[in-house]
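Let's take a friendly walk through a protein chain.

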Amino acid sequence: FMNKNLIFHQLFEKESSTYTYLLADSVTREAVLIDPVIETVERDFKLLNELGLNLKFILDTHVHADHITGSGELRKLTGAKTGLSSSYEADCTDLQLKEGDTVQFGKHTIEVLTTPGHTAGCLSYKLNNMLFTGDALLIRGCGRTDFQGGSSENLFQSVREKLFSCEDDTIIYPAHDYKGFTYSTIGHEKRLNPRLNEKISKDQFVQIMKDLKLDLPKKIHEAVPANMHCGLASEDSHIPIISAKMVFEDLQDYKVIDVRRMDEFNNELGHIS
């Protein structure tokens with residue numbers, strides 16, 4: 001739909017329940033994509049062409065663990081610049097984004113907010129009364145905090161002090177939804193979010209997250225290393241990305257080097273001997 005010269009589309013990828021957002025200036029035709037998925041690159045590219053849009057920026061809210069980003073493939077197709085949190089130090093990205101940065105397309109300006117907690121490098125993007133929260137704040141939920149430098153304490157602070165400081169009528173557009181919701185508002189989440197509503201204390205939230213005991217995302221061992229390279233194998237090193245499945249099928253052909261921090265190595269998720 002169009003609103004005040006803004007073209008907006010909310011797109012869905014069903015396997016990972018991921019939302020991709022297309023924003024564009026209806027006058028200049030400059031566009032931004034937030035959180036594209038590699039399986040739907042063809043769909044997104046076709047939509048851009050159908051609408052006569054010039055993709056200027058591709059922004060990821062964080063390094064995803066449940067799907068591979070389409071940012072690298074879309075950059076190849078369109079020449080758009082990719083953006084990711086500077087905390088990842090990912091050399092494939094054109095924009096190393098941090099708190100206070102802005103992304104301009106046409107007459108519209110996206111504000112960058114650092115909202116760590118789900119991972120150490122999560123960003124949220126704000127455009128007027130629209131807030132793209134990634135996995136930091138979901139509709140009646142939030143992202144997990146048990147890997148990739150996640151922290152329940154940091155997530156609580158990010159949501160309560162930064163996201164909840166926005167006006168109550170600010171519309172929330174998350175990176176995922178698993179129950180069929182498409183958007184919420186800050187006011188609704190302040191009252192109704194079972195993990196983060198304003199009656200929940202930090203200690204209660206930390207315990208809620210500790211008690212979740214979730215299985216790892218199915219694609220984590222493929223998605224995380226790929227997404228550090230914008231969804232592509234490292235082009236300058238010519239080193240292919242090896243999936244966990246490939247390793248276990250023929251372990252004798254590979255040497256496995258664990259480069260996690262010591263707290264991650266020793267946590268309850270375990271490691272390969």
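## A charged trio

Glu 15 is exposed, since its relative accessible area is 56%, and an area over 50% counts as exposed. Keep in mind that this is a predicted model. Glu 15 forms a salt bridge with Lys 219, and their closest N and O atoms are 3.6 Å apart. The two sit in distant parts of the chain, 204 residues apart: Glu 15 is in the loop between strands S2 and S3, while Lys 219 is in the loop between helices H5 and H6.

Lys 219 also meets Glu 39 in a salt bridge, at 3.1 Å from N to O. Here the partners are 180 residues apart, with Glu 39 in the loop between strand S4 and helix H1. Lys 219 is partly exposed at 22% relative accessibility, and Glu 39 is partly exposed at 44%. Through shared partners, Glu 15, Glu 39 and Lys 219 join into one network.

## Another pair

How many salt bridges does a search of the whole structure find? The search finds 10. One of them pairs Arg 75 with Asp 94 at 3.2 Å, N to O. Arg 75 lies in helix H2 and Asp 94 in the loop between strands S6 and S7, so this pair ties together parts 19 residues apart in sequence.

## The nonpolar cores

Nonpolar side chains tend to be buried together in soluble globular proteins. In this model, the largest nonpolar core has 21 residues, and Leu 23, Ile 34 and Phe 132 are among those with the most contacts inside it. Beyond its sequence neighbours, Leu 23 is in contact with residues including Leu 6, Phe 105 and Met 130. A second, separate core has 17 residues, among them Leu 131 and Phe 205.

Methods:
Residues are numbered from 1 along each chain as its sequence is written. This is a predicted model: local features need pLDDT of at least 70, side-chain atom pairs count only at pLDDT 80 or more; totals for chains, interfaces and linings use all residues. Side-chain values use heavy atoms; hydrogens and water are left out. A nonpolar core is a set of buried Ala, Val, Leu, Ile, Met, Phe, Trp, Tyr and Cys residues joined through side-chain atoms within 4.5 Å. Buried means under 20% relative accessible area, exposed over 50%, partly exposed in between (1.4 Å probe, protein chains only). Contact means heavy atoms within 4.5 Å. A salt bridge is a side-chain nitrogen of Lys or Arg within 4 Å of a carboxyl oxygen of Asp or Glu. Helices (H or I, at least four residues) and strands (E, at least two) are DSSP runs, numbered from the N terminus. Lists of a residue's contacts leave out its neighbours within four places in sequence.
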